[in-house]
Amino acid sequence: METWILLFLCHTSTELRMAKKQRKEKRAIINREKALKRKHTAAFLLNDKEKDAIATYCDKYKISNKSKFMREAVMRVVMEQFLEDYPTLFEKKDMDRLIK
């Protein structure tokens, strides 16, 4: 009888741990979604030639979501600059010399 109770308790505690883990994962997903929700506006103006160039580009490459396209283009430039400016152990000129 003691073995049966012990098995039941172990099984129950395992279920409780799994349920707790699932709740924690669900909270993490919700927190991530909340953190990634876009709530800030950024606007900029284009002249006629710039607007036409973007329209032509989007038509040519079948881009239907211009907002997503512009956001990704801006963020790509920002991230590339961050990677370039990232502090390193050596100076850029020393790294360039090592690469050659």
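A residue counts as buried when its relative accessible area is under 20%, as exposed when that value is over 50%, and as partly exposed in between. By that rule, 2% of the 100 residues of the protein count as buried. The model is a predicted one. Its secondary structure consists of four helices and zero strands, and along the sequence the pattern reads α-α-α-α.

Helix α2 spans residues 48-60 and helix α3 spans residues 66-85. Their axes lie 11 Å apart and meet at an angle of about 105°. Angles of 65 to 115 degrees count as roughly perpendicular, so α2 is roughly perpendicular to α3. On the α2 side, the contact is made by I54, A55, Y57 and C58; on the α3 side, K66, F69 and M70 take part. Sorted by class, the contact of α2 with α3 comprises six nonpolar residues, one charged residue and no polar ones.

K66 deserves a separate look. This residue is in helix α3 and belongs to the contact with α2. Setting aside neighbours within four places in sequence, K66 is in contact with A55 and C58. K66 and I54 are 12 residues apart along the chain, and their C-alpha atoms are separated by 8.6 Å. Is K66 buried, exposed or partly exposed? Its relative accessibility is 39%, so K66 counts as partly exposed.

Between the two helices runs a loop, and K62 is located in that loop between α2 and α3. The backbone of K62 has a positive phi of about 50°, although the residue is not a glycine. K62 counts as exposed because its relative accessibility is 73%, and the cut-off for that class is over 50%.

What is the volume of the largest pocket? It is about 340 Å³. The lining of the largest pocket includes a run of residues from the chain, namely K37, R38, K39, H40, T41, A42, A43 and F44. Also in the lining of the largest pocket are S67, M70, R71 and V74. Among these, M70 is also one of the α3 residues in the contact with α2. By class, the lining of the largest pocket has five nonpolar, three polar and four charged residues.

The second largest pocket has a volume of about 200 Å³. Its lining is made up of L83, E84, D85, Y86, T88, F90, E91, K92 and M95. Which helices supply at least two residues each to the lining of the second largest pocket? They are α3 and α4, the latter covering residues 92-99. The largest share of this lining, three residues, comes from α3. The lining of the second largest pocket divides into four nonpolar, one polar and four charged residues.

Notes. Residues numbered from 1 in each chain as written. Predicted model: local features only at pLDDT ≥ 70, side-chain atom pairs only at ≥ 80, totals over all residues. Heavy atoms only, no water. Axes fitted to C-alpha atoms, helices over the stretch in contact; angles between N-to-C directions. Parallel < 35°, antiparallel > 145°, perpendicular 65-115°, else oblique. Contact = heavy atoms within 4.5 Å. Nonpolar A, V, L, I, M, F, W, Y, C, P; charged D, E, K, R; others polar. Buried < 20%, exposed > 50% of the residue type's maximum accessible area, 1.4 Å probe, protein only. 1 Å grid on protein atoms, 1.4 Å probe; cavity = no way out; pocket = protein on both sides within 12 Å on 5 of 7 lines; lining within 4 Å. Points joined across faces, edges and corners; volume = space filled by probe spheres on them.
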